[in-house]
Amino acid sequence: NSMLSWQRTAFHFQPEKNWMNDPNGPLFYKGWYHFFYQYNPNAAVWGDIVWGHAVSRDLIHWLHLPLAMVADQWYDQNGVWTGSATILPDGKIVMLYTGSTNESVQVQNLAYPADPNDPLLLDWVKYSGNPVLVPPPGIDTKDFRDPTTAWYTSEGKWRISIGSKIGKTGIALIYDTEDFINYKLQPQALHGVPGTGMWECVDFYPVSRTSQNGVDTSATGPEVKHVVKASLDDDRHDYYALGTYNEVTSTWTPDNPEIDVGIGLRYDYGIFYASKTFYDQNKGRRVLWGWIGESDSEVADVKKGWASLQGIPRTVTLDTKTGSNLLQWPVEEVESLRLRSNEFNKVEVKPGSVVPLDLDAATQLDIVAEFELDKKALEKTAESNEEFSCTTSHGARHRNALGPFGLLVLADDSLVEQTPVYFYVQKSNGTLKTFFCTDQSRSSAANDVNKQIYGNFVPVLEGEKFTLRVLVDHSIIESFAQGGRTTISSRVYPTRAIYGSAKLFLFNNAIEADVTASLKIWQMNSAFIRPYPNTR
Ligand code: DQQ
């Protein structure tokens, strides 16, 4: 057991032990951020699901609380599944969640805090008339789950969405309600995309077109665009698209049907699922939580006694420069963990070389880096029409004139273990096309772990450098390229590159171009993520 204990993280949210999955009902109330999550109190694998609960002042330091809801009713006997919170204008909290009934039918249930004066919201009451929604005609009893936060309509009603599928078409059903007890199914789904299968954990929210502030879930009008997100059960990734919401028909239309939900953009090109946003009225921002599972074996999870992390919460905004993607960025509070820093200015990294970065240890880091490609090399490089893809093009070993270049994270001295986080640049039609990837193929000497190469295209606009932010925390690497246009989260399980033996390097595997790198790297403090004092 202690053999694997280094894999536990220092500043990512995780329970003391056992299995965790989806984030549930995040909200800010009376000075506290509340975080609920899918939790198995009995084992380090999925099952016996109840709601775990923790609170924080700053989204970084957490106090674990007693379970918020357990499977104690016929309508949630097979699991207290995923749900969302809505804060009503009078401050009341409404929680809607999916119950898997004694017969494994998926139904929606209502719950609320027993004592609204308790800022910790320790006790939850399930509504006596539950369930409030059962699968409608035409919907399979096992394809009806994960209610969203409600938003307000101009008719003065609340509206929610619930994920489902019809045949192979993933859809977001829409219901209107006045009291959260009686609901009316709308004749039109919010949206659906053929071939995408079951939509889990649908999310629907506005983003401002003019500012970087977040907006309340009910905001509509010309100032906003609307995001639809679905977690695709079939391929276990979170897909989003930007579009326009029509309140009258209760439908949403993507800006570009070619990058629709499930066939276009992902929040994260690594491991990141069942995510959920909430509007943080405390700081006027929209915050995204995502479940980052394990990519080692189930046997290893059982041995270590826990499984899963939550990503560092991210702010989500519209990228007003491109207009066609979101920007995700770690919440500013994570910067309060920054300790001493090292700066490296304009380090030259020659083609085919590796440059060590002199740090005390490289297991808990916040890295901010920018890279520039040599202008002359850029000019004389021939056009390429190579079909590149991070996932299939042999990772950081695969060279062209202009890449790959970036960082070797959680590497040991001999580079037997290393996780390259990098850019790969192509010149075609006189312009540059850039990919952002993470190569796990040499991340661990262990062989029971996922060694995929992750990544995707990242927009780099005229005049921009290649910029990177990386959070490293023992067994997780969260990477954000170009201010959060493309993000990749990796779980890695080095056996040598641990504690003081973990190092960080720059690398440039381009054939022709010099790369100049400037970095600021902070050692990160550990967060206080503490058990609840057992006084009750
Ligand atoms: N996890 C929950 C479901 C949801 C799935 C069950 C997504 O409500 O659809 O643990 O990971």
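Modeller: Happy to. One term before we start: two strands pair if DSSP finds at least two bridges between them. In this predicted model, strands E15 and E16 pair in the antiparallel sense over 7 bridges, and valine 227 has leucine 242 in E16 as its bridge partner.

Colleague: Which other strand does E15 pair with?

Modeller: Strand E14, residues 199-208, pairs with E15 in the antiparallel sense over 8 bridges. Leucine 232 in E15 stands opposite tryptophan 199 there.

Colleague: Which residues other than glycine have a positive phi elsewhere?

Modeller: Serine 250 is one of them, with phi near 60 degrees. Its place is the loop between strand E16 (237-246) and strand E17 (251-254). Asparagine 18 is not a glycine either, and has a positive phi of about 75 degrees; this asparagine lies in strand E1, residues 18-29.

Colleague: Asparagine 18, is that buried or exposed?

Modeller: Asparagine 18 is buried, with 20 other C-beta atoms within 10 Å. Serine 250 has 19 within that distance and is partly exposed, because the cut-off for buried is 20 or more.

Colleague: Back to sheets. Where does E1 go?

Modeller: E1 belongs to an open sheet of 6 strands with mixed pairing, in the order E21-E1-E2-E3-E4-E37. Strands E21 (306-307) and E37 (529-530) are at the edges with a single partner strand each, so one side of each has no neighbour in the sheet.

Colleague: What about E3 and E4, how do they pair?

Modeller: Antiparallel, over 4 bridges, with E3 covering residues 50-56 and E4 residues 62-69. Histidine 53 has leucine 65 in E4 as its bridge partner.

Colleague: Last topic: where are the cis peptide bonds?

Modeller: One joins asparagine 130 and proline 131, with omega about 0 degrees. Proline 131 is in the loop between strand E8 (124-126) and strand E9 (151-152). The peptide bond from glycine 403 to proline 404 is also cis, with omega near 5 degrees, and proline 404 is in the loop between helix H2 (375-380) and strand E28 (405-411).

Technical notes
Residues are numbered from 1 along each chain as its sequence is written. This is a predicted model: local features need pLDDT of at least 70, side-chain atom pairs count only at pLDDT 80 or more; totals for chains, interfaces and linings use all residues. Helices (H or I, at least four residues) and strands (E, at least two) are DSSP runs, numbered from the N terminus. A residue is buried if 20 or more other C-beta atoms lie within 10 Å of its own, exposed if 12 or fewer, and partly exposed in between; C-beta atoms are placed from the backbone.
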